[in-house]
Amino acid sequence: MTLSISLTINGHRQDIAIDDPRVTLLDLLRERLDLTGTKKGCDRGQCGACTVLVDGRRINSCLSLAATLDGAAITTIEGLVEHDVLHPVQAAFIACDGFQCGYCTPGQIMSAVGLISEGHAGDDAERVRELMSGNLCRCGAYQGITQAVLEAQKVMAGNPAADISGRSAA
Ligand code: FES
Ligand code: FES
């Protein structure tokens, strides 16, 4: 049975035929749409490597069935760069050494973007660590990751007109 869904992925609306209703959003992104920036770690909701935004909220794409997302807006790591300018969270990860091997990094960054737009973390490092705890890093780059989230948050707080892209809507 083939299902047809419509998704807006990184700002582009696409009609997608799905021939297996069990396909996850993660596999759809990676294997059908060539958006391989989103990583597969555990494939069971335990590592956060597959984090993307769905309608602005961060989710583990390995746990989400694509067929249930008809009409949703998806943002992946590929959707953050605009006109060759890094998103403030991406820039902060580089500035703060928020990665080593980089495998967890797309998920960390997407989670951080979602976390900042949730507006819950403030400038409390412990709170940021707690709210990012669903994203594991085997390299142990946690200190840089936390610092990057705090730095990006400061930059984005200075730009109150920014949307989820971190850039001014004007
Ligand atoms: S791959 Fe989805 S949480 Fe690990
Ligand atoms: S940077 Fe290597 S797993 Fe996080």
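How much area do domain 1 and domain 2 bury between them? About 1,200 Å², with 56% of it on carbon and sulfur atoms. Keep in mind that this is a predicted model.

First, the two parts. The domain assignment puts residues 3-79 in domain 1 and residues 88-156 in domain 2. Their C-alpha centres are 21 Å apart.

Now the sheet. Five strands make an open, mixed sheet, and the order is β2-β1-β5-β3-β4. β2 (12-18) and β4 (57-60) are the edge strands; each has a single partner, so one side of each has no neighbour in the sheet. From one strand to the next the twist averages 40 degrees. β3, residues 51-54, runs antiparallel to β5, residues 73-75, and two bridges join them. Leu-53 has Thr-75 of β5 as its bridge partner.

Two helices pack on this sheet. Helix α1, residues 25-32, touches β1, β2, β3, β4 and β5, and its direction is at about 100 degrees to that of β2. Helix α3, residues 105-118, touches β3, β4 and β5, at about 40 degrees to the direction of β3.

Back to the interface. On the domain 1 side, 16 residues are in contact with 17 residues of domain 2. Which residues of domain 1 lose the most area to domain 2? Thr-51, Arg-58 and Ile-77, which together account for 46% of what that side buries.

As for polar groups, eight residue pairs are in polar contact across the interface. The count of salt bridges between the domains is one. Arg-58 forms a salt bridge with Glu-118, where the closest N and O atoms are 3.0 Å apart. β3 supplies the largest share of the domain 1 side that touches domain 2, three residues.

Note on methods
Residues are numbered from 1 along each chain as its sequence is written. Chains are lettered from A and ligands numbered from 1 in the order in which they are written. This is a predicted model: local features need pLDDT of at least 70, side-chain atom pairs count only at pLDDT 80 or more; totals for chains, interfaces and linings use all residues. Side-chain values use heavy atoms; hydrogens and water are left out. Two strands pair if DSSP finds at least two bridges between them. Helices (H or I, at least four residues) and strands (E, at least two) are DSSP runs, numbered from the N terminus. Axes are lines fitted to C-alpha atoms, for helices over the stretch in contact, and angles run from 0 to 180 degrees between N-to-C directions. Contact means heavy atoms within 4.5 Å. Domain bounds come from an automatic or database domain assignment. Buried area is the accessible area (1.4 Å probe) that two parts lose on being put together, summed over both. A salt bridge is a side-chain nitrogen of Lys or Arg within 4 Å of a carboxyl oxygen of Asp or Glu. A polar contact is a pair of N or O atoms within 3.5 Å; within protein, one must be able to donate a hydrogen and the other to accept it, and residues adjacent in sequence count only if both atoms are side-chain atoms.
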